[in-house]
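This note sets out several points on the model shown below. Please read the points against the coordinates.

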Amino acid sequence: MALLDIRQRTGYLFMAVIIGHIILISAQVNTERGVPLLEAVTFGAFAEVQRGASSMIGGVRTSWDDYLALQSVRSDNEQLRNEVAQLQVALQQQRALAQQSRTLVDLLKLREGTKLDTVAAGVIAGSASPDFRTLTIDKGSADGLRPDMAVIAPAGVVGRIITPSARAAKVQLLIDRNAAAGAIVERSRAQGVVEGTGGSLQLNYVSGTADVKSGDVVSTSGIDGIYPKGFVIGQIESVERVAGAFGAIVIRPAVDFSSIEAVLVVTTPPLSGLEGPAAADEGAVAEPTARARE
Amino acid sequence: MKAVGVLIAIALALALQTTLARFLVGGTVALDLVLVVVVYVALTSGPVTGMLAGSVAGIIQDTLSSGVIGIGGLAKCIVGFLAGAIGQQFIVTAALPRLVMFLGATAGHAAVFMGLYVLLGLRSFPAPWAAILSQALGNAAVGMIAFAIIESLPGMAERRRVRRRM
């Protein structure tokens, strides 16, 4: 047993001496790259230790960061929700601006396409009572607006000015029950009077022999002294005949009155009835004037 | 006391080696007297002493030469350890075993020494066999003579017997 111990100690001592020699040799020998072998081996071994330590620290750090991230994820989520809400509002505002821009562009085209003097105005309010179909625009008498001036939109006729103030004006929509306009069926040149029904339009006073059918486009005739000739009112939706005469001729308005944002107020009175965009292709209308009713 | 004796023996071997070297540079016989001392110490004192003696002698020899310090020390350390271990396990008091020990020690030393240099790319040893063989024979001859001289000294054999009984 004692011999075994001596041998074991001798072996350990031998290994220690061998390692000492190897270290001594390595301190002097350079590698192919010119680095001392001891330095290279020591650095390589220590680099592995560093790599392991770095991986361990990185793992701990990642775990800690993940934990912190989980801690802050709630507040971040709340913040992001708020940002999303704000962005949605901003997006809606941008869409509204874009829509308004398109509307203004259409108005500009309409203004350039007609020979009439117009004033652009924005819609700032609707009707105060459901029994009356009116709008309030942001231009008034200070801008040259007077009662019975026609109000038009790119899609068609909107109505007329009924109450101008200095900086605003009330517009009676054509669909109001007290509104009316001289009209003509573009295809057959049949004339009549378009009157509001509260929600839609109805073509009245049409001769029983006139050629009127569904799908015909109805525009202003200009004989009422308010609306210039040739502006689109709407399209005939249904035609009813009673004992050889026309009953109810229902017109679907060309303008969506619920989405009007900007309009043009025609400041030039319709003297000749040839002011509208479609007047160039049409002849003079020799029909009795249809006055708009208030 | 034994350590001092070993160190003196190594110092004498180195002094003699450096003195004789200038006469043996161009010759075919190359002796390593330090190795002979290490083998002798290992055979007479055991592997630990042989190992330490080989380490110290080899490092000093390396220091005095232009080689890498430690390669000769490592080679002589291994040789000293193995020679001491073999000397403890086998009876090497006869001439032939001692001759074999010196031959083998020289071959082993050369293998480790040259192998390390070649392995590290520091030197090349083309056709070393003749040099190794001649050195082995020379070391063996010197070693055999050294053993014979030392053992012929007055009271040396008796002292060795007493030492072994203890």
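Which residue takes a positive phi in the hairpin of E6(A) and E7(A)? Arg189(A) does, near 60°, in a hairpin with 5 residues between the strands.

1. Basis. This is a predicted model, in which local features need pLDDT of at least 70 and side-chain atom pairs count only at pLDDT 80 or more, whereas totals for chains, interfaces and linings use all residues. Residues are numbered from 1 along each chain as its sequence is written, chains are lettered from A and ligands numbered from 1 in the order in which they are written, and side-chain values use heavy atoms, with hydrogens and water left out.

2. Barrel of chain A. In chain A, 6 strands close into an antiparallel barrel in the order E6-E7-E8-E11-E10-E9. From one strand to the next the twist averages 40°, where axes are lines fitted to C-alpha atoms (for helices over the stretch in contact) and angles run from 0 to 180 degrees between N-to-C directions. Strands (E, at least two residues) and helices (H or I, at least four) are DSSP runs numbered from the N terminus; two strands pair if DSSP finds at least two bridges between them.

3. Pairing of E6(A) and E7(A). Strand E6 (residues 180-185) of chain A pairs with E7(A) in the antiparallel sense over 5 bridges. The bridge partner of Ala180(A) in E7(A) is Glu195(A).

4. Pairing of E7(A) and E8(A). Strand E8 (residues 201-204) of chain A runs antiparallel to E7(A), with 4 bridges joining them. Glu195(A) has Gln202(A) as its bridge partner in E8(A). The hairpin of these strands has 4 residues between them, and there Gly198(A) takes a positive phi near 105°.

5. Pairing of E9(A) and E10(A). Strands E9 (residues 217-220) and E10 (residues 232-242) of chain A run antiparallel and are joined by 3 bridges. Val217(A) has Gln235(A) as its bridge partner in E10(A).

6. Helix H3 of chain B. Leu64(B) lies in this helix and is exposed, with a relative accessible area of 60%.

Note on methods. Buried means under 20% relative accessible area, exposed over 50%, partly exposed in between (1.4 Å probe, protein chains only).
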